[in-house]
Each structure stands twice: as C-alpha cells, then as structure tokens.
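Please prepare a short briefing on the aromatic pairs, the sheet and the nonpolar core of this model.

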Amino acid sequence: MTPSAGRSFPALCPQVLVPLLLFLFGQALPDQIRYSIPEELPKNSVVGNLAKDLGLRIQDLPPRKLRISADKEYFTVNPESGDLIVGDRIDREQICGKQTQCILDFDTVAENPLNIFHVAVIVQDINDNVPLFKQSKIDLKIGESITPGKTFPLDPALDSDVGPNSLQRYHLNDNGYFDLAEKQAPDGSKYPELILKHSLDREEHSFHELILTAVDGGDPPQRGTAQIRIQVTDINDNPPLFSQDVYRVTLREDVPPGSSVLRVTATDQDEGINAEITYSFHNVDEQVERIFSLDKRTGEISTKDNLDFEFSTSYTLLVEAKDPGDLASHCSIQVDILDENDCAPEVIVTSVFTPLPEDSPPGTVVALIKTRDRDSGENADVYCRILENSEFILKSSSRNYYKLVTDKALDREETPEYNVTIAATDRGKPPLSSTLSLTLHISDVNDNAPVFQQAAYVAHVAENNAPGASIAQVSASDPDLGPNGQVAYSIVASDLEPRALASYVSVGAQSGVVYAQRAFDHEQLRAFALTLQARDQGAPARGANVSLRVLVGDRNDNAPRVLHPAPGPDGAALLDTVPRAAEPGYLVTKVVAVDADAGHNAWLSYHVLQASDPGLFSLGLRTGEVRTARALGDRDAARHRLLVAVRDGGQPPLSATATLHLVFADSLQEVLPDLQDRPAPADAQAELQFYLVVALALVSVLFLLAVILAIALRLRHSSGRAAWGCFQSALGSKAGPVVQPNYSEGTVPYSYNLCVASHSAKAEFNFLNVTPEVAPQNLLCEDPSWVPRSNNGDPDVLFASDTILKVSFNFTYFCLRFQCILNHVIELGHSLVDFVL
C-alpha cells in the first residue's frame, strides 16, 4: 500500500514522498492522497496512515471526527490511530470490470474546522480468476471437402483479470489434422481459430476430439480447457460470407425498446438448401442477450430493453451466419451508446449539525451537502440552491460539495424548526432537478426573561382570615424550554419589617400562590406591599419583578366602646344634673362612643332601651345627644334613669350600653344627702335564686307530709296477720299478690310496690316496699337470716318478738328508702334552678 500526494504523481509513488512533500510545502494539504493496494485484501487490513498523510496529529483525531464520505464504504478510518482500514471485500472485477485501471475515489471529512480531503485508492489486479470457456464442450461439423488452410473461429475463453493476469494464449493438443491460431477482436480481446492442416476423410475418420487450453499470464499461470468434438460431414464447400467483417452503430440511450439497430447480411454461393442461412449471436454475454434481439431469418438486430449509458457505454455483438451444412462465418457489431440527460442529480447529506442553538451567529455551518449525477459532460454539471428560506444560504465548498450555513440570527421561540428544501439542477437539455428536504431543529438557550401577566397586582382580603388561606396568585410565563422556562416565585421586598414578613405571607415557589400565614387585623394593618420575583432555572438565570398590594378589608369584629358617660372610680355611673326650669330641647348630656372598625361597621346609632319616664327625654339617633322633650312637671320624679344602647352598622350589628342617671336639681348639693343614704341595689339574680330554693324546700316538706299521712292511713286499716304476710312477701316470699304501680315516669327514678295482706282478717300493718328502677342490691331481703320463723312449724303464725322485729325492720327499711327519694328530689330542684339561671 503506497500513498502519494497530488494528481501529477504516479499511483505507485513511494511512501517517502509524503513526508518530503509535506516538508517542502509546509502545512499545505495535498489536493488528493493516493494509495495502491491489491484486490481481495482481508478485512481490517491497513492501507496507510491517513492522518499522518493529511498532516493531522493523533491527539486531534477525536475532536476532528475524521471519517469517510462515500456511497459504499470499502474503507474506514481508525479513530485512534488514523489508519485507513479495509472495511469490506474489494473485488476489482466486480467494481471496475474490464477497465485497465481501477481507482476508488472517495472523500474524507474532518470537522472542527470542516475540511474535505480527496483520496484515491488504486486497486491492483491479482490473478484470482481462471480463464473459462463459455462451453466446456464445443461441437463442430466440418465437411470433408474443406481444403486445408480453412479456419474455424472458436469461442474465446473469458478471464475477468486485466493486464498480465488476463488471458494470454491458447494452445491445442497434438494431432495430425488441426492447428491453432490466435486472432484479436476489434475490442482487443483474443479468440482462437482452428486451422485445418490436412484434408479430412469422413470414411477414414468421421470424428475427431481435441483439447483447447487457455492460459493467463499470472504467476503461477492459471488454465482453462474446453473439449472440441469435430464431426466430419459430407460436402457443403461454400460457407456463408458477411458483407463486412465489422459493423459500427451509434444509438441514443433513450431509444425505446423494439427500435431497429442494424440488419446484417450474409450470402452463400451454394444453392438450394445449402444456401439457406440462419443468424445467431455467437459468444455474447447475458447482458447483450437481455438488451438485443436477432431475427435468425432476416438478420435484423433490434433492442428489447432500455439502454443505459451510465451502465455501459458500448456493446460488442458477434453474429454467426450458418448454412445447413454447418458452414459458418462470423462478424462483429460495435454498438456505441450516446449519453442523454436521463439521470436527475442526487443530493446527499454527509453531515448535519442538529439541533442548532438559537444563539448561533450568522455563518454557522449547519450541514454538509454533496451532489452527484450519473450522466456525463454538461448533463453531470450540477448546481444547488435553497427554495423559499432566507435564514440559510449555500456556499460551494469544493468540487461537488456545499456548506449549508446560517444567514441571520435564529429565534427558537419564533420558529422552533426549519424545513430547508435544497434543489439540485444539472445543465442538461432539458435540465433535470431533484430536491431534498432537511428538517433542522433549533435548541433553546435562556434568552427570555419571565413575563408577568399583569404589570401590578392588587389583592383584597378580609380581616380575621384563616391562616394558610390563599389570598392571591401571580403568574409569569417564559417562552423558553426545559429549565430555561421553569419559573420559580419568591418574595424579594416588602414594606413590612423583614423579620415580620415571613409571619405574614408566603408564596408557593412553583404555583405563585400567595398564602396568609396569620389572621390579619384591619385595625392594625390596613394594607401592605410586596415585591415578587419570577426567576427561571437557566444558566445564567433570568428574572422579573412585580408589585403586589394587599388590602385588608374590615369586618364587624369590634363592638362600640362608650367613652361618655364614663363610670366612676368605684364602677358606679355618674350623675348628670338637669335644671328644674330646663326648657324642651335642653341639651342634658351626650353619649359619646367610638368603634375601631371602619365604614358601615363604624356607623353608630343610639337607642333608648329603658327609661323611667319615656316621654321626658329624647335621644339623637346619630348624635347621641340627650335632650329634654318637655318641661319638668310638678308630679314628675326628680330622679330618672336612662339605659342607652349604642349599635354599629355591621351585619350582624354589635352594641354596647350606657346607663345615664339624671337628676332634676338646681345644684348638685341638693342630691348628695339622698345619694349617701340610698342603699345599694340588690342583685336581681341572687334574689331569684333565693326564691327558687325556698320554693323547692316547701315542695319537699309538703311531699314528706303527704307520704307520712299515706303510711299512717294504711297502718290504721290493716290487720296484723295480713301485715306479717305482706312483710314476708316483701322480704322474698313468692306467695301473695304483689301490685307494682310504676312511678318512674316522673322525675323521681324509683317505683313503689304496695304490699297488702293476704288475709285481711288477720292484718296488722300495711308496708310500702320501695324498689329502685335500676335494681340495686337488696340490703335486707337477700339475707336469709331475716326470714321470719314460724311457731310450731306453722308459717302463718309469727312469734311476738318476730312481729316487733319485723315492724322495726319495715320502719327502718322505709326510712332508708324515703331518704333516697328525698335526695333525688333535692337534686331535681338543683337542676331546675340551674336551668332557670
């Protein structure tokens, strides 16, 4: 692999020329770097150090992003060493066909700054193809009358190699009848001809077999063979003859299929059936058979498919004319194709830098564009332009490269992306063009500060608000993206004390909602101002300020306060004297009150609640002035009391009262002795409680007397024996009827069971058995020791001592129950008193 610099240098220049040229020309880069390699190199084989030949340092390779720009990447660049490496199989025959020189041209692009280098790699042929005959067996029919010296053209062997490695010679195995000669076709290829040395005798040898060998010039040479089988036929001694050996035809590549190309003509001096000639293609490849057709009777050659100058510029057709005696002759037709402008230019984007920052200055390279046209001459001369876009322009870089650069400042907020359409047009007649649409995304930079929706904000909040409630919201927008457009809010200034600011308000950093941290008091703070800031998250960050004025509205939360008349040092109201001869309308005094609220909540009105003589004085509704309504009469009292209510205008209104003591006297000394002898007024509430307690006590005594009277009446009318039976029944016996009237529906939570004698003739006492509503433990009846014993086994007859004990027990039991009932009655009375109070 040998590099060389400059188009004037041979392809196989030694490697030593590269550093020498770099030394002579300083830092100037060569116009083209040339390398020479053999074909079929293994993948990852090193062609040469491209970075060194271009004058690039190894440490500059990563930022320069050295890479190959080609349609098919046969080569790649090692980003670490800068070596040009074989990236794919290189078959010279597949790439260049039969061309004597095979050159792979491609461009190398380096960024930061952008440079384009042209590289040419000469692919040398190696002897990797064996000469092959199209037919491994060739059948010939030769008449026995053919005279010696007659030649028979044979199909040539095909060898894809070129130069010394291509087909060089043919040779024939030793035989006594045929010899071999080499001929050269108009296109330079060699084909063998079989020469008859001696006359043939079908009766002696009707069949001959020969071996034809084709040898190339490789080292070592490679060979291909074909078997020639010759059948000796009877006499047909005149072969067909073409009017000329070589025909030349020129065709435009845009001729439609079915167009006539040429008609070949051959004649045969024989007569009859031996003069009937058939035409056929001889030794042509599949491509010729696909494009051209030949009428075997007329010799008319026509196209049957479209021609393509870009695929092949010429075709060589070999035609054979043969008579029925298998005598044949050959001619060649050279068809040259004329180029037409049938290929539109191509636009290829080799590099694109997107997204593009919106602050990119004019002249920033956005993309690298390459054009290509498969036509030739003027048909391949291409120029580019941008359609309907003034933000970008195209600059010609080198040969068929263009740079797409910005022409003015960009603004992502105005246009977030651009669709750039590039048109490429050739100079053919008529010209052909193609377009390429390129979408360029613009990336955001923090070039916009947040903008508030209002120039200033005013918030109204009523006092006594709930702490933590939202009182206002500010909103700012930022057209930038991502963190550049994310806005955070904060309070940066206020007319409140800095230490007290945090206890009054706060703002949500993300929402912009302003919250009250405490309940406001209109009487202490009626308004305050805040300066809020919206700041984005860009780098550097941008911000904007706005003012917020908070107005604290008034609520009716303060009752009026009476300033006059003010109470005395001991809490008693002061006296105001009125002359006895005061005329109607005389200003006696004035009730003065204030309200800490504002507006309607502080509008006060004055009303008389109580007056000892309603018609004697009048009260101003708004002024609070107390004036005489009429003159003092002889029967009017000298002392008067006015209870004045002061109400504000709130909803609901709040009020305060003031008591006025007015005395008709000519001087204050007249009323002083009466004031000193006058007892202190009793407390009405205390008197009410006293009366209730006395009433409750009377009710309790009356109830007690009623109960005692009922017991006495029952004891008087009951018999002793019946009393014992009742007593026994009350203590736990199951015999005898029991009546349980329920008195628990009243306020006393007990029911009373009245015991009656089972035998009225023997009854001595009647007892009242008290049973609690909620069954408490029976203190007496549950003890079996209290069950009375019978005399002589008779349960109905009781001892006298037992009778006395039972009477005593029943009386004690009754007292306990009565005390419980009395306690409940007292509790009920206390509850009634509390309810009344």
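Phe242 is buried, at a relative accessible area of 11%, where buried means under 20% relative accessible area, exposed over 50% and partly exposed in between (1.4 Å probe, protein chains only). Tyr279 also counts as buried, with 8% relative accessibility. The model is predicted: local features need pLDDT of at least 70, side-chain atom pairs count only at pLDDT 80 or more, and totals for chains, interfaces and linings use all residues. Residues are numbered from 1 along each chain as its sequence is written, and side-chain values use heavy atoms, with hydrogens and water left out.

**Aromatic pairs**

- The whole structure holds 11 aromatic pairs; rings of Phe, Tyr and Trp (its six-membered ring) pair if their centres lie within 6.5 Å, and planes under 30 degrees apart count as stacked, over 60 as edge-to-face and the rest as tilted.
- Phe242 and Tyr279 make a tilted pair, because their ring centres are 6.2 Å apart and their planes stand at 55°.
- Phe242 belongs to strand E18 (residues 241-242) and Tyr279 to strand E22 (residues 278-281), so this pair ties together parts that are 37 residues apart in sequence.
- Helices (H or I, at least four residues) and strands (E, at least two) are DSSP runs, numbered from the N terminus.
- Phe292 and Tyr315 form an edge-to-face pair, 5.5 Å centre to centre with 75° between the planes.
- Phe292 lies in strand E23 and Tyr315 in strand E25 (residues 314-322), so the pair ties together parts 23 residues apart in sequence; Phe292 and Tyr315 are buried.
- Phe452, Tyr457 and Tyr489 are linked into a cluster by ring pairs.

**Sheet**

- An open, antiparallel sheet of 3 strands runs in the order E20-E24-E23; two strands pair if DSSP finds at least two bridges between them.
- Strands E20 (260-263) and E23 (292-294) are at the edges with a single partner strand each, so one side of each has no neighbour in the sheet.
- E23 pairs with strand E24 (residues 300-303) over 3 bridges, and Ile301 in E24 is the bridge partner of Leu294.

**Nonpolar core**

- The largest nonpolar core has 28 residues, and those with the most contacts inside it include Phe452, Phe520 and Phe528; such a core is a set of buried Ala, Val, Leu, Ile, Met, Phe, Trp, Tyr and Cys residues joined through side-chain atoms within 4.5 Å.
- Strand E43 (543-553) and helix H6 (498-504) are among the elements that each supply at least two residues of this core, and the largest share, 5 residues, comes from E43.
- Leaving aside neighbours within four places in sequence, Phe528 is in contact (heavy atoms within 4.5 Å) with residues including Val505, Phe520 and Leu548.
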